[in-house]
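Hi,

Here is the structure I promised to pass on.

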Amino acid sequence: MEKQGYKIISDGAADLEMAYAKEHDIDIVPFYVSFDDKTYQKEIVEIGIREFYQKMVDEPKVFPKSSMPSVQDYMDVFEPYAKAGISVICICITSKFSGSYNCARTAAGQLLETYPDSKITAIDSTFVTVAEGMAVKEAVRMRDDGVSYEKCVDNLIKMRESGRILFTIGGMSYLVHGGRVGKLMGVAANTLSIRPLITMKDGEIFPSGLARSRKKSKDKVIDMIIDYFKSCGESPDHYSIHVGYGYDIEEGASFQDEVKNALTKQFQAKEDGQEHIYDNIEVYQIGATIAVHTGPYPVGVGIFKKYEYV
């Protein structure tokens, strides 16, 4: 049932678990993925994330592609709410990676001509995967806490400036294949077993260093998240913090523990005389939309400011 008067919708790039989406009344507009450039399947709906990753691992020389939802896909999801007079907030992948946001805006504009009294707002999250998902979850919290439609939209636009994804990947081949880095750098990095460190902010990805092993790259990701909080002078308590992983479930769980322990050690806040342990960090499987660029072994941390602190 509709909660607090407006509907939250997201594209599939937010990588929300379907059980969570169902429990919290969120509609998902999926992306499409293909392994042969001919047959495209809806992520999650027609191909599960485990099946997708297993295929990547089993066929490492095959590079899958993704395709964004169409204007019609968005119209099909939006129209029942516009017709019923239910306001909609749709949170989309960064427009610098995909045209999904523009398709959502176009669909909204066309429907508003037919239903001029309805409200449909598409928001460019400026993120993908865990940080986009955290934006959706904050929108749900605001809706369920009774925050108005207009204030929710305003808060989301402010909050996205605080978001970061700090991550590393298993190798450079997918980034090279997708044209994200120069081929020469990719060859050198693979030859030297170098692991890149990457920061996503303001809708784009930026190089943040290199490490010579998987362990060192994960350690540096943790250092980067600690440095971020120290430099901005804010408490991690003011942020949602999620660990994201790809194919390796066990690595995701162990990295989640490492992040919890590191933040607890560095930011030993006291609450009612008790040491505050950062035990509310969620672990989150990165989906197909970003994995086609990173390969099957991304791992990292996403942060997004909670709405109470904007």
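Let me start with serine 217, which sits in helix H9 (residues 214-232); helices here are DSSP runs of H or I with at least four residues, strands are E runs of at least two, and both are numbered from the N terminus. Before going on: this is a predicted model, in which local features need pLDDT of at least 70 and side-chain atom pairs count only at pLDDT 80 or more, while totals for chains, interfaces and linings use all residues. Residues are numbered from 1 along each chain as its sequence is written, and side-chain values use heavy atoms, with hydrogens and water left out.

Back to serine 217. Its relative accessible area is 0%, so it counts as buried (under 20%; exposed is over 50% and partly exposed lies in between, with a 1.4 Å probe and protein chains only). A polar atom of the serine 217 side chain lies 2.7 Å from the backbone oxygen of arginine 214. Leaving aside residues up to four places away in sequence, serine 217 touches Thr168, Arg195, Leu197 and Ala211, where contact means heavy atoms within 4.5 Å.

Now for aspartate 11, which is 206 residues from serine 217 along the chain, with 30 Å between their C-alpha atoms. Aspartate 11 belongs to strand S1 and is also buried, at 0% relative accessible area. Its side chain makes a polar contact of 2.9 Å with that of serine 100. (A polar contact is a pair of N or O atoms within 3.5 Å; within protein, one must be able to donate a hydrogen and the other to accept it, and residues adjacent in sequence count only if both atoms are side-chain atoms.) Among the other residues that aspartate 11 touches are Ile28, Tyr74, Cys92 and Glu132.

What about the rest of S1? Of its 6 residues, 6 are buried, so the strand is largely enclosed by the rest of the structure. Tyr6, Ile8 and Ser10 are on one side, and Lys7, Ile9 and Asp11 are on the other. S1 runs parallel to S6, joined by 5 bridges, and isoleucine 9 stands opposite cysteine 90 there. S1 also pairs in the parallel sense with strand S2 (residues 26-29), over 4 bridges; isoleucine 8 faces isoleucine 26 in that pairing. (Pairing requires at least two DSSP bridges between two strands.)

Helix H6 (residues 149-159) is worth a look too. Tyr149, Cys152, Val153, Asn155, Leu156 and Met159 are its buried residues. They span an arc of only 165 degrees around the axis, so they lie on the same side of H6; the arc is taken from the directions from the helix axis to the C-beta atoms. These residues pack against S1, strand S6 (87-92), strand S7 (120-124), H5 and strand S15 (299-305).

Finally, the nonpolar cores: sets of buried Ala, Val, Leu, Ile, Met, Phe, Trp, Tyr and Cys residues joined through side-chain atoms within 4.5 Å. The largest has 53 residues, and Ile26, Phe52 and Ile89 touch the most other members. Helix H5 (residues 129-144) contributes the most to this core, with 8 residues. A second, separate core has 23 residues, including Ile226, Tyr239, Val243 and Phe267.

Cheers
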